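I opened this entry to record a few look-ups in one model.

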Amino acid sequence: VEKRDYDGFLGAWKLSAEASLGNVVMMLWYNECNQVVPLLVKQAKLLSSQYDVVMTNPPYMGSVNMGGKLSNWVKENYPDSKSDMFAIFIERCGRLAKHNGYQSMITMQSWMFLSSYEVLREQILRTTQVINLLHLGIKAFEEIGNDVVQTVAFVFRKCVNNDYLGTYFKLLSHDRAEKVSDYLNRNNMYFMKQNKMMEIPGMPLAFWVSDNVIRAFCEYQTLGDVAEPKQGIATADNERFLRLWFEVEWNKIGFGYKNNDEAKASGLKWFPYQKGGDYRKWYGNNSYVVLWENDGYEIKHFYDSKGKLRSRPQNTDYCFRTGLTWTWISTGYFGARLSDQGAVFDVSGSTLFSGQDLRKLLGLLCSNVADYLLKIINPTINFSNGVISKLPVILDVSDDIIQLVDECVGIARRNWNNYETSWEFENNPLCRLYGNNKKLEGVHEQWLESCADEFAKMKENEDKINEYFVDLYGFQNEVDKFVEEKNIKLF
C-alpha cells in the first residue's frame with residue numbers, strides 16, 4: 001500500500017457528509033459507506049507505515065518451487081532477491097523500516113556469498129549499516145534428516161554510512177552441540193568497515209579477511225585477465241556418448257591430437273574426455289572417452305522430437321589444447337590438474353587455457369593461497385568459471401617453483417599410471433620391483449617404502465610451494481604454509 005495523506009482523505013470524507021444532508025439517496029449511500037471507509041483508511045495507514053524495528057524469521061522457498069503466478073510477481077517486484085523467498089523478505093523488511101530504523105532477521109547464509117544475490121548485497125552495503133552479524137553456520141537449528149540449514153543472524157540500521165565499523169562473529173568451526181553463547185568472545189569477534197567488503201569481487205560478506213587480502217583483490221590482476229576458463233560440452237545423454245576408456249576398442253581411441261581438424265581426419269571414434277571426478281591435484285582423473293567421431297557430429301546434432309538441440313557443444317574450438325582442469329563441485333579443498341594435449345572437456349571438467357606458462361598458474365591453483373581466496377569469493381561447493389576467473393594472480397614466479405610443479409606433476413602422473421585404470425598403464429609396479437631371489441613379501445615392502453617416499457616428496461614440494469605463495473602474497477597471518485596430509489591425493 002502506497003504512502004498517502006490518508007488523514008487528509010478522512011477529513012475530506014467527513015466533510016462530504018454535509019453534502020449528503022439535502023439528498024436522501026446520498027445520505028443513505030454515505031451512511032452505508034461510512035461503515036467501511038474509515039476502517040479502510042485505518043488499514044491503509046497501518047499497511048503503508050514504516051517501522052522503527054522490523055524483525056522476522058522469514059519463510060524459505062527457492063524460485064524453482066514457486067508457482068507461475070508467484071514467480072512472475074517476484075521477478076517483477078523483487079528482481080534483486082527473486083531467487084528465494086527468504087531473500088525477498090530481507091528486501092521487503094528493508095523497505096518497511098524507517099530511516100534510521102532497525103531490521104533484525106535470521107536467514108540462510110547463502111545471500112552473503114552467492115552470485116545470484118550480488119545485487120542484493122550491494123543494495124544492503126550501500127543503504128544500511130551492518131550493526132552486527134552472527135555467522136552461525138549449522139549451529140542455529142537441529143539437523144533434520146540429512147539436511148543442514150546454515151544460517152546467519154543480523155541487525156541492520158537503515159541509513160547510509162559505508163564507513164561504519166560493524167561487529168561480526170564467526171562460529172563455523174564449532175560442533176552443533178556446543179552452545180553459541182560459549183563462543184561469543186573476542187576469539188571469534190571481527191570488526192570490519194563495510195566499504196572494505198565492497199572492494200572484494202562480488203561483494204561477499206567476508207568480514208574476517210585482512211587488509212592484505214583486500215589489497216590482493218584490488219591491486220593484482222585476476223586469473224581471468226591472463227587465462228580463459230571455459231565450460232565444456234554438455235552431451236545431454238552421457239550413457240550414449242561417454243564410456244570408460246577400457247569399455248571401447250583400443251584402436252578406436254585417438255590420443256594426443258592437436259586440434260579438431262587432426263582428430264576429424266584420423267577417422268577415429270573416441271577421444272579422451274575431462275569430466276571432473278574426485279578431488280585430485282596435479283594430474284589424473286583420466287578415465288573417460290567421448291564419442292567425437294567426425295568432429296562430434298552426433299553430439300552436435302542431438303535433437304529432441306520437437307527439433308530442439310538437446311546437447312550444448314560449447315567452446316569446441318578449445319578442444320584438444322593443453323590446459324588446466326578442475327572439478328566443478330568439491331566439498332573440500334580446491335585442486336587443479338594438468339590436462340594433456342588431446343582431450344575434449346565437459347561442463348563438470350571445466351578447463352582454463354592461457355598463453356602464460358601453465359606451470360605458474362598450476363602451482364598457485366594447487367596452493368593453500370588459492371583455496372583460501374576462492375572460498376572468500378564463494379565459500380560453497382561450486383568452483384564455477386566465474387569464481388575461478390576472479391582469483392588474484394601474481395605471474396612473477398621463480399624458476400625453482402616451476403621445477404617443483406614439474407616434480408609434483410611427475411609424481412602424480414607416475415602414481416596415476418601405476419594402476420590399470422590408467423590408459424598409460426604398462427605393468428604392475430610389483431613386477432617392476434621383482435628380481436631374482438625375491439619373495440613377494442619383500443617386493444611388497446619395497447613397494448610400500450617407494451609409495452611412502454613419493455608421498456613424502458610430494459608433501460615436501462607442496463609445503464615449499466605453499467610457503468612461497470604465502471610469502472609472495474603476504475598472507476603469513478592468514479594462510480597455513482603447510483599442506484595437510486589429507487589434501488595430498490595419491491592412491
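For the packing angle I take axes as lines fitted to C-alpha atoms, for helices over the stretch in contact, with angles from 0 to 180 degrees between N-to-C directions. The model is a predicted one.

**Entry 1: α16 and α18.** I looked up how helix α16 (residues 399–417) packs on helix α18 (residues 440–473). The angle is about 145°, and the axes are 10 Å apart. I noted the handedness as well: the crossing of α16 and α18 is left-handed. Next I listed the residues in contact. From α16 the list holds Ile 401, Leu 404, Val 405, Glu 407, Cys 408, Ile 411, Ala 412 and Arg 414. From α18 it holds Glu 454, Lys 457, Met 458, Asn 461, Glu 462, Lys 464, Ile 465, Tyr 468 and Phe 469. By class, the residues of this contact of α16 with α18 are 10 nonpolar, one polar and six charged.

**Entry 2: α5.** Does the length of helix α5 agree or disagree with 1.5 Å a residue? The helix covers residues 85–96, and its 12 residues should span 16 Å. I took the expected span as 1.5 Å times one less than the number of residues. The end C-alpha atoms of α5 are 16 Å apart, so the two values agree.

I then checked how α5 begins. Asp 84 caps its N-terminal end, with a side-chain oxygen 3.1 Å from the backbone nitrogen of Phe 86.

For burial, α5 is mostly covered, with nine of its 12 residues buried. The buried ones are Met 85, Phe 86, Ala 87, Ile 88, Ile 90, Glu 91, Cys 93, Gly 94 and Leu 96. I asked what covers them. The cover includes the strands β1 (51–56), β2 (97–108) and β4 (151–157), along with the helices α4 (68–77) and α6 (118–127).

**Entry 3: α13.** I ran the burial check on helix α13 (residues 358–365) too. This helix is mostly covered, as six of its eight residues are buried. I noted them as Leu 358, Leu 361, Leu 362, Gly 363, Leu 364 and Leu 365.

**Entry 4: Ala 336.** Ala 336 is in strand β12 (residues 336–339). Its relative accessible area is 0%, so I count Ala 336 as buried. Leaving out residues up to four places away in sequence, Ala 336 touches Arg 280, Lys 281, Trp 282, Thr 325, Trp 326, Leu 362, Leu 365 and Cys 366. Two of these names, Leu 362 and Leu 365, are also on my list of buried residues in α13. I also took one distance: the C-alpha atoms of Ala 336 and Leu 433 are 31 Å apart, at a separation of 97 residues along the chain.

**Entry 5: positive phi.** I looked at two non-glycine residues with positive phi. Met 203 has phi near 50°. Met 203 lies in the loop between α7 (194–197) and α8 (211–219). Its relative accessible area is 11%, so Met 203 is buried, the cut-off being under 20%. Asn 294 has phi of about 55°. Asn 294 belongs to helix α12 (residues 293–300). At a relative accessible area of 41%, Asn 294 is partly exposed.

**Entry 6: Leu 47.** Is Leu 47 buried or partly exposed? Its relative accessibility is 46%, so Leu 47 counts as partly exposed. The residue sits in helix α3 (residues 37–47). The C-alpha atoms of Leu 47 and Glu 2 are separated by 8.3 Å, although the two residues are 45 apart along the chain.

How values were computed:
Residues numbered from 1 in each chain as written. Predicted model: local features only at pLDDT ≥ 70, side-chain atom pairs only at ≥ 80, totals over all residues. Heavy atoms only, no water. Helix = DSSP H or I, 4+ residues; strand = E, 2+ residues; numbered from the N terminus. Left-handed = near helix turned anticlockwise from the far one by under 90°. Contact = heavy atoms within 4.5 Å. Nonpolar A, V, L, I, M, F, W, Y, C, P; charged D, E, K, R; others polar. Buried < 20%, exposed > 50% of the residue type's maximum accessible area, 1.4 Å probe, protein only. Polar contact = N/O pair within 3.5 Å; in protein donor to acceptor, adjacent residues only side chain to side chain.
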